[in-house]
Amino acid sequence: MYNNLKAELVRYRISNIEVAKTLGITEGTASLKLNGKANLRLEEAFMLQDLITEKSGIVIPIEELFK
């Protein structure tokens, strides 16, 4: 569901395990959230933006990640 977000995660080689650790959830729940089958909270969206920024060195606007 979040195609831009998923593309950036792949681009910067961020695994579902890293996403899960960042969000403090299980890998399965992370997968559900990334696929739009469970709600992703706004706070979690910003946490993922921070993770991508940490890995890439650039800030990608939230609007771009989730459009």
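A residue is called buried when its relative accessible area is under 20%, exposed when this area is over 50%, and partly exposed in between. In the predicted model described here, tyrosine 2 has a relative accessible area of 17% and is therefore buried. Phenylalanine 66, in contrast, has a relative accessibility of 24% and so counts as partly exposed. A search of the whole structure finds 1 aromatic pair, and tyrosine 2 and phenylalanine 66 are the residues that form this pair, in an edge-to-face arrangement with 5.2 Å from centre to centre and 80° between the planes. Because tyrosine 2 lies in the segment before helix H1 (3-11) and phenylalanine 66 lies in the segment after helix H5 (62-65), the pair ties together parts that are 64 residues apart in sequence.

The packing of helix H2 was examined next. Helix H2 (residues 16-23) packs with helix H4 (residues 42-56) at an angle of about 125°, and the axes of the two helices are 10 Å apart. Angles of 65 to 115 degrees count as roughly perpendicular, and those over 145 as roughly antiparallel; H2 and H4 are therefore oblique to each other. The crossing of these two helices is right-handed. On the side of H2, the contact is made by Glu18, Val19, Thr22 and Leu23, while H4 contributes Glu44, Met47, Leu48, Leu51 and Lys55. When these residues are sorted by class, the contact of H2 with H4 has 5 nonpolar, 1 polar and 3 charged residues.

Helix H2 also packs with helix H3 (residues 27-34), and here the axes come within 8 Å and cross at roughly 100°. This angle makes H2 roughly perpendicular to H3. The residues of H2 that make the contact are Asn16, Ile17, Val19 and Ala20, and those of H3 are Glu27, Ala30, Ser31 and Leu34. By class, the contact of H2 with H3 divides into 5 nonpolar, 2 polar and 1 charged. Not counting residues up to four places away in sequence, asparagine 16 touches Glu27, Ala30, Ser31 and Leu34. Asparagine 16 and leucine 34 are 18 residues apart in sequence, and the distance between them in space is 8.9 Å, C-alpha to C-alpha.

Leaving aside neighbours within four places in sequence, lysine 33 is in contact with Tyr2, Ile25, Ala38, Asn39, Leu40 and Glu44. With such neighbours likewise left aside, leucine 32 is in contact with Lys37 and Ala38. Leucine 32 and leucine 42 are 10 residues apart in sequence and 16 Å apart in space, C-alpha to C-alpha.

One of the contacts of lysine 33 is asparagine 39, which has its place in the loop between H3 and H4 and, at 69% relative accessibility, counts as exposed. Asparagine 39 touches Lys33 and Glu44 when residues up to four places away in sequence are not counted. Asparagine 39 and threonine 29 are 10 residues apart in sequence, and 9.9 Å separate them in space, C-alpha to C-alpha.

Glutamine 49 is placed in helix H4 and is buried, with a relative accessible area of 11%. Apart from neighbours within four places in sequence, glutamine 49 is in contact with Val59, Ile60, Pro61, Ile62 and Leu65. Arginine 13 is found in the loop between H1 and H2 and is exposed, with a relative accessible area of 76%. Most residues other than glycine have a negative phi. Arginine 13, although not a glycine, has a positive phi of about 55°.

Definitions and conventions. Residues numbered from 1 in each chain as written. Predicted model: local features only at pLDDT ≥ 70, side-chain atom pairs only at ≥ 80, totals over all residues. Heavy atoms only, no water. Axes fitted to C-alpha atoms, helices over the stretch in contact; angles between N-to-C directions. Helix = DSSP H or I, 4+ residues; strand = E, 2+ residues; numbered from the N terminus. Parallel < 35°, antiparallel > 145°, perpendicular 65-115°, else oblique. Left-handed = near helix turned anticlockwise from the far one by under 90°. Contact = heavy atoms within 4.5 Å. Nonpolar A, V, L, I, M, F, W, Y, C, P; charged D, E, K, R; others polar. Buried < 20%, exposed > 50% of the residue type's maximum accessible area, 1.4 Å probe, protein only. Phe/Tyr/Trp six-rings, centres within 6.5 Å; stacked < 30°, edge-to-face > 60°.
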